[in-house]
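Good morning, and thank you for coming.

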Amino acid sequence: MSAMTIAKSELILGGQKSGKSRRAELLARQWLDQRLGHRAVLIATAQPWDDEMRQRITRHQVDRAERVPGMATVEEPLALAEAIQKHSQPDTLVVVDCLTLWLTNRLMPAEYESNQPLDLVDIAQTAPLLIAISQAPGPVVLVGNEIGLGVIPMGREVRAFVDALGRLNQDVAATCQRVTLMAAGLPLTLKDAA
């Protein structure tokens, strides 16, 4: 892949296995290769609730270590704004992977029972995240899923989650300088204000 420009902030959206994380890793590797002293930090939002997820996380860690040696990993499933503020520096590119799991952790915590109403995430809860992105001294790359392209889900909770993720994606897209949609490993630039 040819050299990509690194925006101050970029939201990378796409479906599962569309190439979102790979693009974020390529940006991080390019950042690290640009200058001695550059650092990259991945803020991972996944939580290992079952064996399959533990295996998936381990596989991602091994693959990422091969593709982007030198990128540090921080696990933060909930306090995302604070993690961005803590790790962003002018010489440090921060990758957030992913917004969808962060929202899941916020709306449906482990103790969530299916007969409870889905908690709502309003702008007051996402505002700190949007501020952290816009005020980050170094570049921030955020990965998220675009799940609203299919049929309307039958369940109330699933519809509420799709709506909440759509609102979050719109808010983050409005904040970021660049928005990229990934499909079949190919990037489509939706916004580039860099």
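**From the sheet to one asparagine**

Strand 2, helix 2 (residues 51-67) and strand 3 together form a β-α-β unit, and this unit is right-handed. Please keep in mind throughout that the model is a predicted one. Within the unit, strand 2 (residues 39-44) and strand 3 (residues 72-75) are paired in the parallel sense, with four bridges between them. If you wish to locate the pairing on the screen, look for L42, whose bridge partner in strand 3 is T73.

In what order do its strands lie? The sheet is open and has seven strands, arranged 3-2-4-5-1-6-7, and the pairing is mixed. Its edges are strand 3 and strand 7 (186-192), each of which pairs on one side only. From one strand to the next, the twist averages 20°.

Further along that order we come to strand 4 (residues 92-97) and strand 5 (residues 140-145), which run parallel and are joined by four bridges. Here D97 stands opposite V143 of strand 5.

I turn next to the helices. Helix 4 (residues 99-107) lies across strand 1 (9-14), strand 4 and strand 5, and its direction makes an angle of about 70° with strand 5. Helix 6 (residues 156-175) lies across strand 1, strand 5, strand 6 (178-183) and strand 7, running at about 145° to strand 1.

Helix 3 (residues 80-87) deserves a separate remark. Which of its residues are buried? They are L80, A81, A83, I84 and H87. These residues span an arc of only 165° around the axis, and therefore they sit on the same side of helix 3.

Finally, I would draw your attention to N169, a residue of helix 6. Is its side chain's residue, N169, buried or exposed? The relative accessible area of N169 is 6%, so N169 counts as buried, the cut-off being under 20%. Leaving aside residues up to four places away in sequence, N169 touches L11, L13, N145 and E146. With N145 there is also a polar approach: a polar atom of the N169 side chain lies 3.1 Å from the backbone oxygen of N145.

Definitions and conventions: Residues are numbered from 1 along each chain as its sequence is written. This is a predicted model: local features need pLDDT of at least 70, side-chain atom pairs count only at pLDDT 80 or more; totals for chains, interfaces and linings use all residues. Side-chain values use heavy atoms; hydrogens and water are left out. Two strands pair if DSSP finds at least two bridges between them. Helices (H or I, at least four residues) and strands (E, at least two) are DSSP runs, numbered from the N terminus. A crossover is right-handed if, with the strands pointing away from the viewer, the path from the first strand over the helix to the second runs clockwise. Buried means under 20% relative accessible area, exposed over 50%, partly exposed in between (1.4 Å probe, protein chains only). The arc is that of the directions from the helix axis to the C-beta atoms. Axes are lines fitted to C-alpha atoms, for helices over the stretch in contact, and angles run from 0 to 180 degrees between N-to-C directions. Contact means heavy atoms within 4.5 Å. A polar contact is a pair of N or O atoms within 3.5 Å; within protein, one must be able to donate a hydrogen and the other to accept it, and residues adjacent in sequence count only if both atoms are side-chain atoms.
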